[in-house]
Amino acid sequence: MTPTDAQQRRRLLLAAAAGTLVTALGGTAVLAGDDPRAKERRPDGRPRLPPGQRLLSSLKPMGGEPGDPSAAAWRLRVHGEVERPFEVDFRELLALPQADLAVDVHCVTGWSCFDVKATGVLVRELAKKAGVKAAARHVIFEAAHGYTANVRLAEALRPGVMIAHRLHDRAISRSHGAPVRGLVPDLYFWKSAKWITGVRFVAKDEPGYWETRGYHNHADPWTEERYS
Ligand SMILES: Nc1nc2c(c(=O)[nH]1)N[C@H]1C(S)=C(S)[C@@H](COP(=O)(O)O)O[C@H]1N2
Ligand SMILES: [Mo]
């Protein structure tokens with residue numbers, strides 16, 4: 001849940017002790033300037049830290065209009081170009097095969113965070129259960145208040161892409177998308193819909209909230225697909 005004032009103050013003190021404290025719109029986070037992970041390479045040879053990014057030691061809450069944080073009220077619709085559309089509530093989500101992953105995320109504003117531990121259900125698992133039709137080419141992640149993000153089908157089916165209900169072994173806090181959010185690791189972070197309500201498979205692409213406001217339709221951090 002939302003950290004208490006005392007927890008936040010403690011985090012701030014720890015942050016100040018650990019290194020540089022970065023204050024920006026939306027919160028504070030630690031610049032992990034001398035973190036050796038910033039120099040690592042991925043198995044495919046690409047740098048682990050994409051160009052133009054700096055490493056933070058924790059996720060920074062980036063805002064957005066929150067949805068209902070209640071797990072009891074939450075539902076996820078899996079629909080569109082599928083043979084068997086379905087809906088799950090929070091308990092049913094937990095009953096599906098679970099993935100425990102550590103993913104890297106990259107915000108277009110220039111920060112990245114590595115090894116974000118997430119628990120949830122892979123989109124490829126939902127796709128299998130729903131029976132995606134051959135016509136489907138894109139996935140639209142749907143969230144509270146009409147927020148959407150579009151991802152190519154092949155990329156949405158990659159092993160790290162998930163519908164997460166826990167971050168770092170804790171329930172997701174309201175600012176990070178409670179009770180459930182999307183996580184699309186290898187694209188800029190706006191593709192990771194917080195307060196998620198639906199996963200829709202579509203034949204024709206539908207640019208989403210940020211994609212229709214000047215941001216790149218694809219959003220690959222390694223080729224800096226930031227703006228359109
Ligand atoms: N529903 C919803 N999801 C959203 C957003 C939003 O405004 N609404 N913002 C996106 C953006 S721009 C980013 S960078 C990440 C930030 O996630 P965080 O606040 O957990 O760091 O959430 C993404 N998901
Ligand atoms: Mo963002």
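A polar backbone atom of Lys 60 lies 2.6 Å from an oxygen atom of ligand 1 in this predicted model. The backbone of Met 62 takes part as well, with an N or O atom placed 2.8 Å from an oxygen atom of the ligand. In the case of His 176, it is the side chain that supplies the N or O atom, and the distance to an oxygen atom of ligand 1 is 2.6 Å. Taken alone, the ligand would expose 530 Å², of which the protein buries 94%.

The surroundings of the ligand may now be considered as a whole.

Attention may next be directed to charged pairs within the protein. Side chains of opposite charge can pair when their charged atoms come close. The structure contains 16 salt bridges. One of these joins the side chains of Asp 186 and Arg 42, with an N to O distance of 3.1 Å. This pair connects distant parts of the chain, since its two members are 144 residues apart. Asp 186 belongs to the loop between strand 12 (181-183) and strand 13 (196-202), whereas Arg 42 belongs to the loop between strand 2 (27-31) and strand 3 (54-56).

Two features of the backbone remain to be described. Where does Pro 179 lie? Pro 179 is located in the loop between strand 11 (170-171) and strand 12. The peptide bond that joins Ala 178 to Pro 179 is cis, with omega at about 0°. The other feature concerns Asp 169, which is found in the loop between strand 10 (162-167) and strand 11. Asp 169 has a phi near 65°, a positive value in a residue other than glycine.

Definitions and conventions. Residues are numbered from 1 along each chain as its sequence is written. Chains are lettered from A and ligands numbered from 1 in the order in which they are written. This is a predicted model: local features need pLDDT of at least 70, side-chain atom pairs count only at pLDDT 80 or more; totals for chains, interfaces and linings use all residues. Side-chain values use heavy atoms; hydrogens and water are left out. A polar contact is a pair of N or O atoms within 3.5 Å; within protein, one must be able to donate a hydrogen and the other to accept it, and residues adjacent in sequence count only if both atoms are side-chain atoms. Accessible areas come from the Shrake-Rupley method with a 1.4 Å probe; for residues, only the protein chains shown count as cover. A salt bridge is a side-chain nitrogen of Lys or Arg within 4 Å of a carboxyl oxygen of Asp or Glu. Helices (H or I, at least four residues) and strands (E, at least two) are DSSP runs, numbered from the N terminus.
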